[in-house]
Amino acid sequence: MAAKPRVKVPKSAAAGDIITLKTLISHKMESGQRKDGDGNVIPRDIINKFTCTFNGQPVFSCDLDPAVSANPYFEFKAKINEAGTFTFTWVDDAGDVIETTQDIALK
Amino acid sequence: MNTSKREFLGKTLTAGAGLAVAAFLGSTRAFAAAEDVQKAIEEFAGGKTPGEGVITLNTPEIAENGNSVPVSVSVESPMTEDDYVESVMILAEGNPSAQVATFHFTPASGEAVASTRMRLAKTQNVLAVAKMSNGDVFSATNNIKVTIGGCGG
């Protein structure tokens with residue numbers, strides 16, 4: 001189960017600016033390495049893909065392995081040439097897709 | 001070219017040998033073997049030998065909690081349509097499975113800079129391998145001392 005994605009995008013930027021984006025989502029990122037009290041392996045359940053697009057164009061994406069910490073955090077950059085919308089998408093092992101969007105205006 | 005290849009192999013093999021020995025001596029948990037790391041790099045790099053420089057890997061020297069170790073990479077590149085960083089793979093040699101995460105950049109990224117947080121099972125080397133749009137490959141290695149491992153038991 002994953003929920004509550006949080007993204008930090010500047011409200012506006014000048015054309016040509018490179019901005020910093022930060023994202024955080026709650027997810028336990030169960031590694032598949034741990035065992036429960038009875039010695040049974042707890043099945044792997046992680047977010048395995050994160051993507052960020054701007055007006056439909058890919059900006060940044062990441063393939064995640066179990067070694068990424070719980071509540072995966074990402075910080076990356078994007079170059080802004082026009083006003084538009086960032087779309088952030090997380091996909092986990094169960095096939096759940098969490099999506100959130102954030103607009104940015106030109107200065 | 002030859003020297004750098006030899007140096008690189010020498011480094012990774014020495015680092016890996018310790019792990020392999022530990023695994024043979026009856027360690028209860030399987031850790032990524034040197035061959036796995038080597039294989040992952042080869043697959044990622046398409047057979048090219050990674051060069052040095054261009055890529056910067058930022059990690060703490062000492063991580064008190066292996067459950068959440070900040071890692072950030074930056075790669076020098078003009079990030080234009082013809083010349084940009086395609087992807088950067090992070091590997092942890094001493095984890096049960098070496099792969100940590102692979103970042104994919106595009107010219108729209110503006111700069112090839114990314115950060116996340118990772119789990120580390122124990123004190124070990126962490127590698128970052130960058131692949132450019134022209135196929136060139138670069139790598140950087142940092143050693144991180146881990147006080148409490150982060151893989152659960």
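In what order do the ten strands of the open sheet run? In this predicted model, local features need pLDDT of at least 70 and side-chain atom pairs count only at pLDDT 80 or more, while totals for chains, interfaces and linings use all residues. Residues are numbered from 1 along each chain as its sequence is written, chains are lettered from A in the order in which they are written, and side-chain values use heavy atoms, without hydrogens and water.

The order is β2(A)-β8(A)-β7(A)-β4(A)-β5(A)-β5(B)-β4(B)-β7(B)-β8(B)-β2(B), with mixed pairing. Strands are DSSP runs (E, at least two residues), as are helices (H or I, at least four), numbered from the N terminus. Two strands pair if DSSP finds at least two bridges between them. At the edges stand β2 (12-13) of chain A and β2 (62-65) of chain B; each has a single partner strand, so one side of each lacks a neighbour in the sheet.

In chain B, β7 (residues 124-132) and β8 (residues 137-148) pair in the antiparallel sense over eight bridges. Lys131(B) has Val137(B) as its bridge partner in β8(B). Helix α2 (residues 34-45) of chain B packs on the sheet and touches β4 (85-92), β5 (99-105), β7 and β8 of that chain. Contact means heavy atoms within 4.5 Å.

Asp65(A) lies in the loop between β5 (57-64) and β6 (73-79) of chain A. Asp65(A) is buried, at a relative accessible area of 19%; buried means under 20%, exposed over 50%, partly exposed in between (1.4 Å probe, protein chains only). Beyond neighbours within four places in sequence, Asp65(A) contacts Met29(A), Ile46(A), Gln99(B), Val100(B) and Ala101(B).

Conventions:
Axes are lines fitted to C-alpha atoms, for helices over the stretch in contact, and angles run from 0 to 180 degrees between N-to-C directions.
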